[in-house]
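Have a look at the model first, and then we can go through them together.

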Amino acid sequence: MKTSCVAICSLMVLLLAEAQVTLAVTCIPTELSSCVSAITSSSPPSKQCCDKIKQQKPCLCQYLKNPNLKKFINTPNARKVASTCGTPFPKC
């Protein structure tokens, strides 16, 4: 019983920590500018691009709802870049 309580408490702490990180993200689409060359060509994404995609992941659904951004972000190549970075697009 004590072990399961510790496990549940640990899980709750992790979930709350993740929620805090998600809330701390400021959604700035230009932060993804380091990914432009990877999205528009077949070049692999840079480390900076992958870092920015990971930081901006909580914002991707918001970007996809914006008609001005959607045409750049909702492309097979953009999804490939995100997947290569280990950050697949969320289901919005």
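Is Cys 50 buried or exposed? Cys 50 has a relative accessible area of 12%, and since the cut-off for buried is under 20%, Cys 50 counts as buried. Please keep in mind that this is a predicted model.

Cys 50 is joined to Cys 85 by a disulfide. Cys 85 is also buried, at 6% relative accessible area. Because Cys 50 sits in helix 3 and Cys 85 in the segment after helix 6 (76-84), this pair ties together parts 35 residues apart in sequence.

The structure holds four disulfides in total, and counting bonded cysteines along the chain gives the pattern 1-5, 2-3, 4-7, 6-8.

| Disulfide | Torsion about S-S | Handedness |
|---|---|---|
| Cys 27 and Cys 59 | -85° | left-handed |
| Cys 50 and Cys 85 | -70° | left-handed |
| Cys 61 and Cys 92 | about -85° | left-handed |

Cys 61 lies in helix 4 and Cys 92 in the segment after helix 6, 31 residues apart. Cys 61 is buried at 19% relative accessibility, whereas Cys 92 is exposed at 60%. In the remaining row, Cys 27 is partly exposed at 29%, while Cys 59 is buried at 0%.

The largest pocket has a volume of about 350 Å³. Of its 15 lining residues, Leu 32, Val 36, Ile 39, Phe 72 and Ile 73 are closest to the centre. The lining comprises twelve nonpolar, three polar and no charged residues.

How values were computed. Residues numbered from 1 in each chain as written. Predicted model: local features only at pLDDT ≥ 70, side-chain atom pairs only at ≥ 80, totals over all residues. Heavy atoms only, no water. 1 Å grid on protein atoms, 1.4 Å probe; cavity = no way out; pocket = protein on both sides within 12 Å on 5 of 7 lines; lining within 4 Å. Points joined across faces, edges and corners; volume = space filled by probe spheres on them. Nonpolar A, V, L, I, M, F, W, Y, C, P; charged D, E, K, R; others polar. Disulfide = S-S within 2.5 Å. Buried < 20%, exposed > 50% of the residue type's maximum accessible area, 1.4 Å probe, protein only. Helix = DSSP H or I, 4+ residues; strand = E, 2+ residues; numbered from the N terminus.
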